[in-house]
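Welcome, and please take a moment to look over the chain before reading on. The notes below then walk through it topic by topic.

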Amino acid sequence: MTTWRTRIEPITRPFFFAWSRWSRGMTLGVRGVARDGEGRVLLVKHTYLEGWWLPGGGVDRGETTHRALVREMREEA
């Protein structure tokens with residue numbers, strides 16, 4: 001099912017990224033691999049990107065990369 005978000009994001013994404021680079025400067029991000037006892041890997045599917053991805057995201061100011069990764073995995077899974 002196609003939603004309004006998946007139709008409009010390919011058009012708005014370049015403007016969002018350009019604005020982000022101009023207004024925020026450099027950002028730090030994290031991604032991590034989580035496996036269960038059977039060796040399966042956790043992947044997430046975002047509404048704004050095609051395909052499946054490892055969970056992760058941006059590191060907030062004053063946050064450690066480890067703490068950011070724990071937070072992102074909890075948010076996305």
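Phe 17 is partly exposed, as its relative accessible area is 38%; here buried means under 20% relative accessible area, exposed over 50% and partly exposed in between, with a 1.4 Å probe and protein chains only. This is a predicted model, in which local features need pLDDT of at least 70, side-chain atom pairs count only at pLDDT 80 or more, and totals for chains, interfaces and linings use all residues. Residues are numbered from 1 along each chain as its sequence is written, and side-chain values use heavy atoms, with hydrogens and water left out.

**Aromatic pairs**

- Searching the whole structure turns up two aromatic pairs; rings of Phe, Tyr and Trp (its six-membered ring) pair if their centres lie within 6.5 Å, and planes under 30 degrees apart count as stacked, over 60 as edge-to-face and the rest as tilted.
- Phe 16 and Phe 17 make a tilted pair, because their ring centres are 5.7 Å apart and their planes stand at 55 degrees.
- Phe 16 is partly exposed, with a relative accessible area of 48%.
- Trp 19 and Trp 22 also form a tilted aromatic pair, with 5.0 Å from centre to centre and 40 degrees between the planes.
- Helix α1 (residues 4–24) holds both Trp 19 and Trp 22, three residues apart, or about one turn of the helix; helices (H or I, at least four residues) and strands (E, at least two) are DSSP runs, numbered from the N terminus.
- Are Trp 19 and Trp 22 buried or exposed? Both of these residues are exposed.

**The largest pocket**

- How much space lies in the largest pocket? The answer is about 960 Å³, where a volume is the space filled by probe spheres set on grid points, joined across faces, edges and corners.
- A pocket is found on a 1 Å grid over the protein atoms alone, as an open set of points where a 1.4 Å probe fits, with protein on both sides within 12 Å along at least five of seven lines; lining residues have an atom within 4 Å of a point.
- The largest pocket has 28 lining residues, and Phe 16, Phe 17, Ser 20, Arg 24 and Thr 27 lie nearest its centre.
- Two or more lining residues come from each of α1, β1, β2 and α2 (65–76).
- Helix α1 gives the largest share of this lining, nine residues.

**A nonpolar surface patch**

- Val 33, Val 41, Leu 43 and Trp 52 make up a nonpolar patch on the surface, and together they have about 400 Å² of accessible area.
- Patches are made of residues with over 30% relative accessible area and no salt bridge, with like charges joined within 9 Å and nonpolar side chains (Val, Leu, Ile, Met, Phe, Trp, Tyr) within 5 Å; accessible areas come from the Shrake-Rupley method with a 1.4 Å probe, and for residues only the protein chains shown count as cover.
- Trp 52 sits in the loop between β1 (29–31) and β2 (56–58), and Trp 52 counts as exposed because its relative accessibility is 54%.

- Side chains of opposite charge can pair when their charged atoms come close.
- The whole structure contains five salt bridges, each being a side-chain nitrogen of Lys or Arg within 4 Å of a carboxyl oxygen of Asp or Glu.
- One of them joins Arg 71 to Asp 60, with the closest N and O atoms 3.6 Å apart.
- This pair links distant parts of the chain, eleven residues apart: Arg 71 is in helix α2, and Asp 60 is in the loop between β2 and α2.
- Arg 71 is partly exposed at 21% relative accessible area, and Asp 60 is partly exposed at 45%.
- Arg 71 also forms a salt bridge with Glu 63, where the closest N and O atoms are 2.9 Å apart; Glu 63 counts as buried at 19% relative accessibility.
- Another salt bridge joins the side chains of Arg 71 and Glu 75, at 3.4 Å from N to O.
- Arg 71 and Glu 75 are four residues apart in helix α2, so about one helical turn separates them.
- Glu 75 counts as exposed, with 53% relative accessibility.
- Through shared partners, salt bridges join Asp 60, Glu 63, Arg 71, Glu 72 and Glu 75 into one network.
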